[in-house]
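I opened my notebook to look up how the side chains pair in this one.

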Amino acid sequence: LGQVVLPYVKGIGMRIHQVRYQKKYKGAREAAGTYDEDDESTVPQTAREFRQAKAAEDKRRNPARKAISMMRLRDKDHILTTARKPKLLEDDEDGSVSPEVSRYVIVYEETLTLRCSDMQLSDVIAVYLWNYKSIVTTSSRNKPLG
């Protein structure tokens, strides 16, 4: 039949099942009940340090909602998934991961479809992970997480 050359594409789609990522937190494990009482350097000494450690642990256990965007760099228009809350995966007891690193999974089960009448094969398509709160604001200074 011969070669078929497509000089343009009408659209591109991507199916997202789940996203796994890890994030490093400083001092999050020193909240109430999670510090090592034998090691005096990790125990919060003042009420302020205790509140800060507890807030850091709450932030680690309850991260902000995330959304994925796909965009054609030439157009700067984002196609977004719905915002989902990440689930904290259980911490490893074997110590294979640093205690400051937390692992998360986000289940989307969505398909993003970017359609354009003039899309070229050489066009760059970018996929970003966003904090949902930062992408819904109108500021142009917001940066994606990854």
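This is a predicted model: local features need pLDDT of at least 70, side-chain atom pairs count only at pLDDT 80 or more; totals for chains, interfaces and linings use all residues.

**Rings and salt bridges**

I began with Tyr128, which I noted as partly exposed because its relative accessibility is 23%, while a residue has to be under 20% to count as buried.

Next I looked up its ring partner. Tyr128 and Trp130 make an edge-to-face aromatic pair, with 6.2 Å from centre to centre and 75 degrees between the planes. Trp130 is buried, at a relative accessible area of 6%.

I then checked how many aromatic pairs there are, and the count is two. In the pair of Tyr21 and Tyr104, the ring centres are 5.2 Å apart and the planes sit at 25 degrees, so I wrote it down as stacked. This pair links distant parts of the chain: Tyr21 is in strand β1 and Tyr104 in strand β5, 83 residues apart. Both Tyr21 and Tyr104 are buried.

On to the charges, where I found eight salt bridges. One of them joins Arg15 to Glu109, with 3.2 Å between the closest N and O atoms. Here too distant parts are linked, Arg15 in strand β1 with Glu109 in strand β5, 94 residues apart. Arg15 is partly exposed at 44%, and Glu109 is partly exposed at 40%.

Which residues does Arg72 join in a network of salt bridges? I found Arg74, Asp75 and Asp123 together with Arg72, connected through shared partners. The closest N and O atoms are 3.4 Å apart for Arg72 and Asp75, and 3.2 Å apart for Arg72 and Asp123. Arg72 is buried at 1% relative accessibility, and Asp123 is buried at 18%.

Definitions and conventions:
Residues are numbered from 1 along each chain as its sequence is written. Side-chain values use heavy atoms; hydrogens and water are left out. Rings of Phe, Tyr and Trp (its six-membered ring) pair if their centres lie within 6.5 Å; planes under 30 degrees apart count as stacked, over 60 as edge-to-face and the rest as tilted. Helices (H or I, at least four residues) and strands (E, at least two) are DSSP runs, numbered from the N terminus. Buried means under 20% relative accessible area, exposed over 50%, partly exposed in between (1.4 Å probe, protein chains only). A salt bridge is a side-chain nitrogen of Lys or Arg within 4 Å of a carboxyl oxygen of Asp or Glu.
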